[in-house]
Amino acid sequence: MTDVLDQPTPVTPTGSAGAAATANIDNPNIDNPSATSGLSARAKLVLFLLCAANFMVAVDFSILNIAVPSIGKDLHITDANLQWIATAFALPSGGLLLLSGRVGDLIGRKKVFITGTVLFTAASVIATIAWIPAVLLAGRALQGIGAAMIVPTGMALLTTSFPEGPQRERALGINGTLMTVGFTAGMVLGGALTQALSWRSTMVLNTVMGAVVLLGAPRLLTESRNPHASRLDIPGAATVTSALLALIYSLSTAAQVGFGRADVVIGLVAGVALLVAFGVIESRAAEPLVSLRILRRRNVAIGNLGGLVTFACMSAVVFLGTLFLQQINGMSPTLTGLVFAVMGIAAAFGGMVAPRLIGRFGARATLVGGLLFQGVLILPLAMIATGNATLLLVTFGAVAAFGHLAAIVAYGVTATSGLGDTEQGLATGLVTTSQQVGLTLGIPLLSAVASARSDSLKSAGHAAKDALAGGIRLSLGADGVVVLVVAALVWFGLRTRAAR
C-alpha cells in the first residue's frame with residue numbers, strides 16, 4: 001500500500017496541519033469568513049500582533065545565547081552552570097505547554113494569552129535588574145512560564161482568526177517565517193546590544209516588545225474556546241512536568257559533578273518513573289493531555305521523534321558554538337552574532353525550500369534528508385579549533401542549519417498526516433511539545449557531555465581553555481552521531497509503515 005507520506009503534496013512552510021488544527025473550534029473569523037487571500041485592515045493588525053508575540057518568544061530564546069559569556073562574568077556564574085540561563089527558560093516553557101493550551105481551551109485563549117504576555121514582560125524586567133544568579137534564573141523561569149502560555153494560545157488564536165484556505169495559509173506562512181527571522185535577529189541583536197551596552201539591554205528589548213503586544217491585544221483579539229474541552233488533566237500535567245524537572249535537574253547537575261552522585265542517579269530514575277506513570281495516567285484519562293491512541297500511529301510517533309532530536313541537537317550546536325567563539329577564540333559578542341546570523345539565513349532558506357522538496361519527494365524523504373544534512377554537516381564541527389572555528393560554523397554549520405529547517409517543516413507534515421480534522425488539534429499539540437522538549441533537553445544533555453570530557457582533560461593536566469575546547473569537540477561529535485542515528489530510525493520506521 002502506498003504511504004500518504006510519500007505522496008507529493010504541496011504544503012505551506014508551517015505545514016498543512018495548522019490549517020485543520022482547529023476545525024472543531026467555535027469562533028468566528030475576522031471580518032470576512034470567505035477564503036479569499038485579501039486581508040482587511042483589522043485582520044492585518046491581528047496578524048501583526050500575534051506574529052509579534054511569537055517573534056518576541058523566538059528572539060528571547062536566542063538573544064541571550066550570545067550574551068551568556070558576558071552574563072557569566074558579570075554575575076560570576078561558572079562555565080558548568082551557564083547552560084542554566086537557557087534551561088531555566090526552556091524547562092517551564094516545555095513542561096507547561098500542554099497544560100497552558102488546555103487551560104486556554106477551557107477559560108479562553110485570549111485571557112491566557114494576555115496573562116502570559118503580562119507575566120513574560122514582568123519577568124523580563126526582573127531579569128534586567130538581576131544582581132545575583134538566582135534572580136536572573138527566577139526571571140528566566142517566569143519568562144518560560146509566560147512563553148508556555150503565549151505559544152499554544154497564540155497559535156490557536158491565529159488559526160481561529162483566519163478562515164481555512166488562502167488567508168490562513170498566508171497567516172501561518174508569515175508567522176513561521178517571522179519565528180525563524182526572530183531567532184536570527186535575536187542572535188544579531190544579542191551580540192550588538194551586549195557589546196554596545198550590556199547584556200541587560202537584551203532583556204529591555206523583550207520588555208518593550210511585550211508592552212507593544214499588551215497595548216493591542218485587549219482590543220484586537222476575539223475570545224475563543226474549545227467547546228469540546230470540559231476538564232483539566234491535572235495528574236497528567238503534574239507527572240509530565242515533574243518528570244521533565246527531574247530529568248533536566250539531573251542532566252544539568254551531571255554537567256557539574258558527573259553521573260555518579262546520588263541525587264543525579266535518583267533524579268534520572270525518578271524522571272523515567274514519572275514518564276511511565278504519565279503514560280499510565282494518559283491511557284486512562286477521559287481527556288488526556290497526550291492521546292496515546294494518536295501516538296500509536298507510526299507517523300505521529302516517529303515524526304515527533306525526528307522533530308525532538310533536530311531541535312535538541314541544533315540548539316546545542318548554537319550554545320556550544322557560542323561558548324567556543326567567545327570563551328576560547330575571544331570573539332566579540334557582535335561578531336559572534338553575525339556568525340550565527342549566517343546560519344539563521346541558511347535556516348530560513350531551508351524553510352522556504354522545504355515545501356517544494358516535500359511536494360516533489362514526500363514528507364518522509366524530506367525529513368530524513370534534512371536530518372542527514374544536519375548530522376553529516378555537524379560532524380566536521382568536532383574538529384573545531386582556534387584557527388578554523390569561524391570558517392567551520394559559517395560553512396558546515398550553515399548547511400546543517402538548512403537541513404535543520406527542512407527537517408522541521410517535514411516533521412510537522414509527517415506527524416500530522418493521515419489524521420481526521422478532530423485529531424488534528426492533538427497532533428499539532430504534540431508537534432509543538434516535541435519542539436519545546438527538544439529545546440529543553442538538548443543544551444543540558446550535550447553540556448553534560450562537554451563538561452565531563454573537559455573535567456577529564458583538566459585532571460590529565462591540560463590547560464583550562466584546552467580542556468574546554470576538547471569537551472566541546474566531543475559534544476559536537478556526539479551531537480552529529482545522534483542526529484544520524486535518528487535519521488536512520490526515521491527512515492526505516494516510516495519505510496516499514498509504507499510497506500505494509
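At 0% relative accessibility, Gln-374 counts as buried, a class defined as under 20% relative accessible area, with exposed meaning over 50% and partly exposed lying in between (1.4 Å probe, protein chains only). The structure is a predicted model, in which local features need pLDDT of at least 70 and side-chain atom pairs count only at pLDDT 80 or more, while totals for chains, interfaces and linings use all residues. Residues are numbered from 1 along each chain as its sequence is written, and side-chain values use heavy atoms, with hydrogens and water left out.

Gln-374 lies in helix α14; helices here are DSSP runs (H or I, at least four residues), as strands are (E, at least two), numbered from the N terminus. With neighbours within four places in sequence set aside, Gln-374 is in contact with Thr-310, Cys-313, Met-314, Ala-400, His-404 and Val-483, where contact means heavy atoms within 4.5 Å.

The chain as a whole contains 17 helices and zero strands. Of its 500 residues, 57% count as buried. Among contacts between residues at least 6 apart in sequence, 84% join residues at least 24 apart. The chain exposes about 19000 Å², of which carbon and sulfur atoms supply 69%; accessible areas come from the Shrake-Rupley method with a 1.4 Å probe, and for residues only the protein chains shown count as cover.

Helix α14 (residues 363-378) packs with helix α13 (residues 333-361) at an angle of about 130°, the axes being 7 Å apart. Axes are lines fitted to C-alpha atoms, for helices over the stretch in contact, and angles run from 0 to 180 degrees between N-to-C directions. This angle makes α13 oblique to α14; angles under 35 degrees count as roughly parallel, over 145 as roughly antiparallel, 65 to 115 as roughly perpendicular and the rest as oblique. From α13, Ala-354, Leu-357, Ile-358 and Phe-361 take part in the contact, and from α14, Ala-363, Ala-365 and Thr-366. By class, these residues divide into six nonpolar, one polar and no charged. In this scheme Ala, Val, Leu, Ile, Met, Phe, Trp, Tyr, Cys and Pro count as nonpolar, Asp, Glu, Lys and Arg as charged, and the others, Gly among them, as polar.

Ser-100, Val-103, Gly-104, Asp-105 and Ile-107 in α4 meet Arg-109, Lys-111 and Val-112 in α5. The contact of α4 with α5 comprises three nonpolar, two polar and three charged residues.

Ser-100, one of the α4 residues in this contact, belongs to a helix that covers residues 97-107. Ser-100 is buried, with a relative accessible area of 9%. Its side chain reaches the backbone oxygen of Ala-148 at 3.4 Å. Residues up to four places away in sequence not being counted, Ser-100 touches Val-112, Ala-148, Met-149, Pro-152 and Thr-153.

Pro-69, in helix α2 (residues 41-75), is buried with a relative accessible area of 4%. The C-alpha atoms of Pro-69 and Pro-333 are separated by 8.9 Å, although the two residues are 264 residues apart along the chain. Pro-288 occupies the loop between α10 (262-284) and α11 (292-295), and is buried with a relative accessible area of 15%. Pro-288 touches Arg-102, Asp-233 and Glu-282, residues up to four places away in sequence not being counted. Pro-288 and Gly-236, 52 residues apart in sequence, are 7.1 Å apart in space, C-alpha to C-alpha.

Leu-214, in helix α8 (residues 200-220), counts as partly exposed at 24% relative accessibility. Its contacts, not counting residues up to four places away in sequence, are with Ile-114, Thr-117, Val-118 and Thr-121. Between Leu-214 and Ala-53, 161 residues apart in sequence, the C-alpha to C-alpha distance is 9.5 Å. Gln-435, found in helix α16 (residues 421-459), is in contact with Phe-311 and Tyr-411, its neighbours within four places in sequence being left aside. The C-alpha atoms of Gln-435 and Leu-305, 130 residues apart along the chain, are separated by 9.9 Å.

Conventions
Polar contact = N/O pair within 3.5 Å; in protein donor to acceptor, adjacent residues only side chain to side chain.
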